[in-house]
Amino acid sequence: MIVAPDQMLTVGVLREQARGEQRVGLTPDSTGRLLSAGYRVVVEQGAGQQAWFSDSDYAAAGATVGPCAAVLDASDVVVCLHPSAILHALSPKHTVVGLLQPLLDPQLMLRMAEAGVTALSFDMLPRTVSRAQSMDALTSQASVAGYKAALVAADAYGGFFPMLTTAAGTTKPATVLVLGAGVAGLQAIATTRRLGAVVSAFDVRDSAQSDIRSLGATVLDVGVTVASEGGYARQLTAQEQADLTGRVAAAVERYDVLITTAQVPGRPPPLLVPADALSRMRAGSVVVDGAAGDFGGNVEGSVADSTVTTDGGVTVIGAGNLAAQVPRAASTAYARNVAALIAYFTKGGGFAIDLDDEVQAGLVITHGGRVVHPAVRTLLEENP
Ligand code: NAD
């Protein structure tokens, strides 16, 4: 439930600029929610086009549609997915909400603080706090990405996922290995199983093993797991990582399809599949590296947003931004997270920052001309 502010605030929605990004930060449906709660909404022309939300859909929902400069001029709260060059045009009157990756790009946060911008990043939401769950954009987007990873793999694979019995004989089901069984990995397991594949999975967190089994998949036991830290995998020591990589690498050649989704918050993704393991996979195997992006990937030689075929005939798909390829569903979920966040910060007279609140203290990265998030401050102090 969104509380109407006494003084009408304007929420601005930008058209995403990143290559391959098809999502939009607010949908006409969530626009209607904000408007009925007393906000104004301004949307950059074409912002929702790639997710099949037209300017006229936004106008029909009651938003004003205009050029980027007019959106920035009118907005108090600016909604986006990724940081972009436009964010440099923000001023102290702006609060920006997005997936800003502050631990991977703390210098951007410093520049925003220096520009007086208040920056809120979904990446840093304390996700285990129950009142924060409606704002959990990492989960909503990872869930879409895991689903799409299964479809991308099935599409690229030259065989059937299910066992099929036909007059021409019976086909064997595809064998799938999912590495990383968090939100995205579990959705990939569920979706590949729905398609009829025989699925195994591995996650380094000990608590993930029961999640894997609960979806009917087999746990790949490589003899290395660690206790979760706050629900997340900790970064492994060099020796642990070397043991793990060796054992996982020895297993991957047994599978037709490999989907990787392993991440460590604020760190480059762990390398799980070295080139020599890829070289031992059968020709026709498919690898979807769901962690491939600007900061690396789980598979050696995967290239973000590209498909490469190894000399041995293995198709390697670098797919770190798969949620962008299901733009309508992903935008709808993200927009609900945005609307929930705006509701959460709306108190009495308007948009109020309260750093004594645990959830807000996680989300707010810059405020009042300073980087206020402790983890980001620490990073900046370590690497000035
Ligand atoms: P994530 O995207 O940071 O990582 C994905 C997965 O990669 C994790 O499961 C992680 O353990 C795994 N991983 C990391 N290093 C690995 C390695 N070397 N080898 C294999 N796997 C590796 O995590 P996520 O999917 O966003 O969520 C992580 C955890 O948070 C899960 O336990 C999830 O259930 C939990 N969570 C809880 C809530 C909640 O309580 N409301 C909400 C969202 C997520």
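**A loop and its sheet**

Modeller: Asp305 lies in the loop that runs between β13 (286–289) and β14 (307–309). Strands here are DSSP runs of E with at least two residues, helices are runs of H or I with at least four, and both are numbered from the N terminus. The model is predicted, so local features need pLDDT of at least 70 and side-chain atom pairs count only at pLDDT 80 or more, while totals for chains, interfaces and linings use all residues. Residues are numbered from 1 along each chain as its sequence is written, and side-chain values use heavy atoms, with hydrogens and water left out.

The phi of Asp305 is near 60 degrees, a positive value in a residue other than glycine. Asp305 is partly exposed, its relative accessible area being 47%; on this scale buried is under 20%, exposed is over 50%, and partly exposed is in between, with a 1.4 Å probe and protein chains only.

Both strands named above belong to an open sheet of seven strands, ordered β11-β10-β9-β12-β13-β15-β14, with mixed pairing. Two strands pair if DSSP finds at least two bridges between them. In general, the strands of a sheet pair through backbone hydrogen bonds, in either the parallel or the antiparallel sense. The edges of this sheet are β11 (218–219) and β14, each of which pairs on one side only. Between β13 and β15 (residues 315–318) the pairing is parallel, over four bridges. Within that arrangement, Val288 stands opposite Ile317 in β15. Helix α5 (residues 137–156) packs on the sheet and touches β12 (257–260), β13 and β15, where contact means heavy atoms within 4.5 Å. The direction of α5 makes about 155 degrees with that of β13. For that angle, axes are lines fitted to C-alpha atoms, for helices over the stretch in contact, and angles run from 0 to 180 degrees between N-to-C directions.

Gln101 is found between β5 (95–98) and α4 (106–114), and its phi, near 50 degrees, is positive in a residue other than glycine. Gln101 is partly exposed, with a relative accessible area of 38%.

Cys68 is in none, and the nearest cysteine sulfur, that of Cys80, is 11 Å away. Cys68 is buried at 18% relative accessible area, and Cys80 is buried at 2%.

How values were computed
Disulfide = S-S within 2.5 Å.
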